[in-house]
Amino acid sequence: MVMIKDNEGVERYSLNTRACNFLNRIKQKINHEDTQVLGIVWGKVGCGKSLLAQRLAYAVDPTLSIDKVCFDKKDFVKAVLNSKKQAIIADEGISMFFSRAAMTKDSRLMQELMAQIRQKNLFVLICVPNLLTVDSLVLESANFVARVWESKKKINGRDVPTKGSTAFFIELKGTKNKSAVIHYLKAKRGNYKQRVRQPEAIFTIAGNPIGETFKKPWYPVGEEAYRKKKEAILDKYHLEPEEEEKTDVEGRKWRSPKQIKEIYGYNSDTLREWRLKGIVEYIQINNRYLYSLESLGKLVKSTNLGQVYNRDGSEV
């Protein structure tokens, strides 16, 4: 294990040797080989993607700061234009910008951004809940993808939750490891019973135990600054003009569990639990449940991300 120190020389977290060698190679590529590196980190909401992305980015670029952690399109464009041979994180809130629907709308902007990322030799990490919602242009451009998950580990005789366990799938010469895992996920999405060999990761990183008796995780950009910026982005959605709010009431606020999973990463079991507890607003049409985006926190106001429904369940 290799200890990673902060800018004051204090040891903050550890990475295994293979992860360190991989990140050192990324550092070499963006600093000395006139190229860019693009990685996509995916996993369910709350599994530790954001913290992992910050730690990977910091290991490559110790100048990482909160202005390089982006939650919306405007923030991301600004970070790309103002960076050179540095790391940028497109956190989960911006994941919709990289979806197929958004890419169709902003295709020219994305092509220009990808060109800027190449010219500026950037290391860009994109955090998304579902890898297959990312546009094919971005998937093809990615040098690696990494799956993050939450699990439990036996520590001192008790089960302790761990977050940030990660498997890396890298596109290497002669080994289409990244392409293989994308093919596997697409095949299982089409038919989950289909027998398809699951690709092995190039290497993995163990997650961190979470709980009162364990050391609080260190955020390279500062936990307080990170949470403050994230909350500010959510407030921005709530404070949109009333005129825009009126275009998104009743007839355009209902989505199916499948679409909510693609947008937020929440699965059907989670939605069912929230429904039974009365946490989310829903309607039932012919044994089909549709959920209110408002009750899911108004995280997404756009109506171009999949089919929307009227209150009676009919398609808009």
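**Close-ups of a pocket and some salt bridges**

**View 1. Who lines the second largest pocket.** Helix 7 gives the largest share of this pocket's lining, with 5 residues. Keep in mind that this is a predicted model. Strand 7 (144-155), helix 7 (177-190) and helix 10 (257-264) are the elements that each give two or more residues to the lining.

**View 2. Into the middle of the second largest pocket.** The volume here is about 820 Å³. Among the 28 lining residues, Trp 42, Pro 129, Asn 130, Leu 185 and Lys 261 sit nearest the centre. What kinds of residues make up the lining of the second largest pocket? There are 12 nonpolar, 7 polar and 9 charged ones.

**View 3. Arg 272 and Asp 269 in helix 11.** Now for one of the structure's 7 salt bridges. Arg 272 pairs up with Asp 269, and their closest N and O atoms are 2.8 Å apart. Both residues belong to helix 11 (residues 268-276), where a spacing of 3 residues puts about one helical turn between them. Arg 272 is partly exposed, at 38% relative accessibility. Elsewhere, salt bridges with shared partners link Lys 216, Glu 223 and Arg 227 into one network.

**View 4. Glu 223 and its two partners.** Glu 223 forms a salt bridge with Arg 227, with the closest N and O atoms 3.0 Å apart. These two lie in helix 8 (residues 223-238), 4 residues apart, or about one turn of the helix. Glu 223 also forms a salt bridge with Lys 216, and there the closest N and O atoms are 3.8 Å apart. Lys 216 is exposed, with a relative accessible area of 63%, while Glu 223 is partly exposed at 21%. Arg 227 is partly exposed too, at 38%.

Conventions:
Residues are numbered from 1 along each chain as its sequence is written. This is a predicted model: local features need pLDDT of at least 70, side-chain atom pairs count only at pLDDT 80 or more; totals for chains, interfaces and linings use all residues. Side-chain values use heavy atoms; hydrogens and water are left out. On a 1 Å grid over the protein atoms alone, a cavity is a set of points where a 1.4 Å probe fits but cannot get out, and a pocket is an open set with protein on both sides within 12 Å along at least five of seven lines; lining residues have an atom within 4 Å of a point. Grid points are joined across faces, edges and corners, and a volume is the space filled by probe spheres set on the points. Ala, Val, Leu, Ile, Met, Phe, Trp, Tyr, Cys and Pro count as nonpolar, Asp, Glu, Lys and Arg as charged, and the others, Gly among them, as polar. A salt bridge is a side-chain nitrogen of Lys or Arg within 4 Å of a carboxyl oxygen of Asp or Glu. Buried means under 20% relative accessible area, exposed over 50%, partly exposed in between (1.4 Å probe, protein chains only).
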